[in-house]
Amino acid sequence: MSSEIIRILYVDDDPDDLILFSSILKKIKEPIYKVEHAASYEEALEKAHDHFDVFLVDYKLGKETGLELIQEIKKKQKHAPVIMLTGMNTGTIDREALQIGASDYLIKGEFDSRTLDRTLRYAIRDSQLMESLDKAAVKFRSIFERAADPFLLMDGSSKILEANPIFTKKFKIEPHSENSGLGYFFSDLIVDDISRMILMEVLSKKSELYDFEAELKIGEETYINALISIVKQDANLFQVLIKDLTAMKAKEEEELNLKKFSSTGRIARLLAHEVKNPLTTIVLSADQLQMELPENILQESGDLIEVIQRNCNRINQLVTQLLESTRFTELDIANHSINELLDEALEHVKDRIEIKGFDIIKDYQTEICNIDVDAEKVKIALINLIVNAVEAMPENGGKLYLKTYIKSKQCRIEIKDNGVGIPKENLERLFEPFFTSKSSGSGLGLTNTQNIILSHGGSIRVKSEENNGTTFLISFNLSS
Ligand code: ADP
Ligand code: MG
């Protein structure tokens with residue numbers, strides 16, 4: 001078996017000490033130590049460019065001390081194994097040496113070959129260990145920092161100790177920049193009390209939690225649905241991994257909306273087809289009756305024929321409306337600025353807004369947010385949404401928010417009101433034809449709006465809470 005060779009740089013200005021050291025070293029059979037000598041601070045620095053497995057540095061080195069040399073070596077090679085040699089056992093020099101990173105120290109004349117061998121080997125092993133720890137730390141820090149999902153470390157009280165950049169960005173919380181002195185607590189981000197209690201119980205029991213779904217707060221007004229996993233690192237340190245489900249849920253909702261829309265369209269076409277033929281027959285027969293019945297009977301019961309005709313017309317109208325509102329519409333496409341379309345739509349509803357004393361709060365992204373759309377149709381869609389908002393808000397105190405921005409290569413529009421909101425059970429039926437909660441509503445506004453937006457390849461979603469207002473979120477692909 002070939003023995004490994006360990007290269008030592010021995011730095012000492014006293015030649016006698018070198019002779020003594022070499023003779024002790026010779027007694028060690030394995031591993032093989034090869035000594036290179038440097039007699040001064042400068043020579044040592046010069047030689048240190050070369051690779052050495054371990055450095056032995058005398059405390060006394062002419063003008064400069066060995067401590068300075070150790071610092072220089074450490075600057076070049078952070079975990080270099082360096083052993084300090086001292087002539088006396090004062091207790092302060094070695095403490096200083098250890099503080100600046102020397103692995104160990106040896107007192108001249110007081111060590112034999114076994115102690116020397118052990119000291120050298122331990123210094124090398126410690127340095128390798130430190131280096132691999134450093135590498136692992138860099139690796140894990142990079143995973144931590146580059147993770148696509150928010151990740152944080154918290155203590156048993158849920159105080160956030162450390163968080164990755166994506167967490168800081170998403171939640172706008174920088175654990176280290178707190179100025180309250182109290183810090184930020186993960187539990188404060190959890191919206192509902194029960195979820196918060198579950199979290200605190202997990203922490204108090206020092207247990208763990210996987211894929212727990214909860215709503216989290218971002219700032220004062222934004223909420224996200226998230227999957228939370230809590231992993232115990234030690235008794236008072238927990239890792240929290242947060243998976244934001246908002247985008248996924250939005251996508252699911254958009255897909256569901258599109259599916260519902262197409263199936264309603266199918267049913268509407270089928271129904272229209274099946275109803276229109278017999279309806280035409282009824283209308284024709286009624287017309288015929290009107291012409292053929294003798295005058296006296298017509299005078300007595302002619303109103304009934306009119307009732308039939310009127311209701312047939314009504315049915316015909318409804319079926320036509322149903323068809324039109326659920327059939328993809330023909331589009332007359334051109335490039336338009338969404339901000340201008342929104343302003344033009346607003347213009348149509350301006351009078352009603354002014355009479356009722358509503359505030360309009362606009363937050364338009366001024367960079368170009370251009371989309372290829374049928375302007376007239378998109379305006380109708382936007383007017384429907386604004387009218388609904390107006391109808392939902394209380395007189396005085398109503399606030400209508402209109403927002404536009406670009407995100408994920410899409411132009412997004414938010415129309416938000418602080419009106420009555422929509423009960424949960426109605427949310428699912430909102431876009432259905434003829435669904436209305438108003439005594440004289442047609443229930444076709446949202447169906448039409450959805451039709452127009454889907455025909456453009458866009459999407460529409462709603463977020464609403466009863467008594468707490470409603471937000472419609474619309475997105476169109478940006479012009480390429
Ligand atoms: P209509 O306005 O004729 O009732 P829509 O299709 O425009 O028909 O709207 C359907 C229903 O959706 C409304 O009757 C109302 O219950 C609900 N709705 C729509 N927008 C809002 C809103 N901004 N706030 C509260 N409820 C709304
Ligand atoms: Mg409406």
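Helix 11 (375-392), helix 13 (445-455) and strand 19 (470-477) each supply at least two residues of the lining of the second largest pocket. Helices here are DSSP runs (H or I, at least four residues), as are strands (E, at least two), numbered from the N terminus. A pocket is an open set of points on a 1 Å grid over the protein atoms alone where a 1.4 Å probe fits, with protein on both sides within 12 Å along at least five of seven lines; lining residues have an atom within 4 Å of a point.

Before going further, note that this is a predicted model, in which local features need pLDDT of at least 70 and side-chain atom pairs count only at pLDDT 80 or more, while totals for chains, interfaces and linings use all residues. Residues are numbered from 1 along each chain as its sequence is written, chains are lettered from A and ligands numbered from 1 in the order in which they are written, and side-chain values use heavy atoms, leaving out hydrogens and water.

Back at the second largest pocket, helix 11 gives the most to the lining, with six residues. The lining has 26 residues, and Asn388, Glu391, Ser437, Lys438 and Leu446 lie nearest the centre of the pocket.

Two helix pairs come next. Axes are lines fitted to C-alpha atoms over the stretch in contact, and angles run from 0 to 180 degrees between N-to-C directions.

| Helix pair | Angle between axes | Axis distance |
|---|---|---|
| Helix 11 and helix 13 | about 145 degrees | 9 Å |
| Helix 1 (15-26) and helix 5 (113-146) | roughly 85 degrees | within 8 Å |

Helix 1 and helix 5 are therefore roughly perpendicular to each other, a term for angles of 65 to 115 degrees. Their contact (heavy atoms within 4.5 Å) brings Phe21, Ile24 and Leu25 in helix 1 to Ser113, Leu116 and Leu120 in helix 5.

In the other pair, residues of helix 11 including Lys377, Asn384 and Asn388 meet residues of helix 13, among them Gly445, Leu446 and Ile453. Asn388 and Leu446 were also named at the pocket.

Finally, which residues does a cis peptide bond join? They are Glu30 and Pro31, with omega about -10 degrees. Pro31 sits in the loop between helix 1 and strand 2 (32-38). Lys206 has a positive phi of about 55 degrees, although it is not a glycine. You can find Lys206 in the loop between helix 7 (193-204) and strand 10 (209-218). Most residues other than glycine have a negative phi, and most peptide bonds are trans.

Technical notes: Angles under 35 degrees count as roughly parallel, over 145 as roughly antiparallel, 65 to 115 as roughly perpendicular and the rest as oblique.
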